[in-house]
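This briefing is intended for a reader who is meeting the structure for the first time. Please keep the sequence and the three-dimensional view at hand while reading.

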Amino acid sequence: MRSAPPMLPQGKLENGGQAAPLRTCVGCRVRTVKSELLRLVVVGSEIVPDQRGRLQGRGAYLHRALSCLELAERRRAFPRSFRVAGVLDLACLRAHLVGLDAE
């Protein structure tokens, strides 16, 4: 009889010997450790990065890569993630990600 492969604890991933919360990237839909993703929040009709994770409101997570931003745009994932109707402005978020790529 085959044994089942070892399973990770539900909702957590071993990270350096400590359990860490998982989040899903809205672009590529890959679950990863929360610390590797950028939290996003809607302020008015603009999506802004939440560096410290302290801004109020519903958050969504995205890898710090332009490719994931483009996937999320193509899939129209942001209005669904934030549960808002209409178009959201991505200028601030795009500028932030381009700045990260330049570094």
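The structure, which is a predicted model, holds one aromatic pair. Its members are F78 and F82, whose rings are stacked, with 6.3 Å between the centres and 15° between the planes. The points below begin with this pair and then turn to other parts of the protein.

**The aromatic pair**

- Two values are given for the pair because a pair of aromatic rings is described by the distance of the centres and the angle of the planes.
- Helix α2, covering residues 77-82, contains both F78 and F82.
- The two residues are four places apart in that helix, which is about one turn.
- Both F78 and F82 are buried.

**Overall architecture**

- Three helices and six strands make up the secondary structure of the protein.
- In sequence order the pattern is β-β-β-β-β-β-α-α-α.
- The protein has 103 residues, of which 30% are buried.
- Of the contacts between residues at least 6 apart in sequence, 51% join residues at least 24 apart.

**The nonpolar core**

- The largest nonpolar core comprises 19 residues.
- Within this core, V26, L40, I47, L62, F78, F82 and L93 touch the most other members.
- Strands β4 and β6 and helices α1, α2 and α3 (91-102) each give two or more residues to this core.
- In soluble globular proteins, nonpolar side chains tend to be buried together.
- L40 is in contact with I47, V48, P49, R58, G59, A60, L62, F78, F82 and L93, when neighbours within four places in sequence are left aside.

**Strand β4 and its partners**

- Strand β4 spans residues 37-43 and is mostly covered, with five of its seven residues buried.
- One partner of β4 is strand β6 (residues 59-63), and the two pair in the antiparallel sense over five bridges.
- In this pairing, V41 stands opposite G59 of β6.
- Strand β5 (residues 46-50) also runs antiparallel to β4, to which it is joined by five bridges.
- Here R39 stands opposite D50 of β5.
- The hairpin of β4 and β5 has two residues between the strands, and G44 takes a positive phi near 70° there.

**R39, a buried arginine**

- R39 is found in strand β4.
- Is R39 buried or exposed? R39 is buried, because its relative accessible area of 14% is under the 20% limit.
- The side chains of R39 and D50 are joined by a polar contact of 2.4 Å.
- The R39 side chain also reaches the backbone oxygen of L55, at a distance of 3.2 Å.
- Beyond four places in sequence, R39 touches V48, P49, D50, G53, L55, G57, R58, G59, A60 and Y61.

**A72 in helix α1**

- A72 is found in helix α1, which runs over residues 66-75.
- With a relative accessible area of 1%, A72 is buried.
- A72 and L62 are ten residues apart along the chain, and their C-alpha atoms are separated by 8.7 Å.
- Leaving out residues up to four places away in sequence, A72 touches V26, G27, L62, A77 and F78.

**K34 in a loop**

- K34 is placed in the loop between β3 (31-33) and β4.
- Its relative accessibility of 34% makes K34 partly exposed.
- The C-alpha atoms of K34 and R23 lie 5.3 Å apart, although the two residues are eleven places apart in sequence.
- K34 touches P21, R23 and Y61, apart from residues up to four places away in sequence.

**Cysteines**

- How many disulfides does a search of the whole structure find? The search finds zero disulfides.
- For C68, the closest cysteine sulfur is that of C28, at 3.8 Å.
- That separation is too far for a bond, because a disulfide requires the sulfur atoms to be within 2.5 Å.
- C68 counts as buried, at 7% relative accessibility.
- C92 is partly exposed, with a relative accessible area of 31%.

Definitions and conventions
Residues numbered from 1 in each chain as written. Predicted model: local features only at pLDDT ≥ 70, side-chain atom pairs only at ≥ 80, totals over all residues. Heavy atoms only, no water. Buried < 20%, exposed > 50% of the residue type's maximum accessible area, 1.4 Å probe, protein only. Phe/Tyr/Trp six-rings, centres within 6.5 Å; stacked < 30°, edge-to-face > 60°. Pairing = 2+ DSSP bridges. Polar contact = N/O pair within 3.5 Å; in protein donor to acceptor, adjacent residues only side chain to side chain. Contact = heavy atoms within 4.5 Å. Core = buried A, V, L, I, M, F, W, Y, C linked by side-chain atoms within 4.5 Å.
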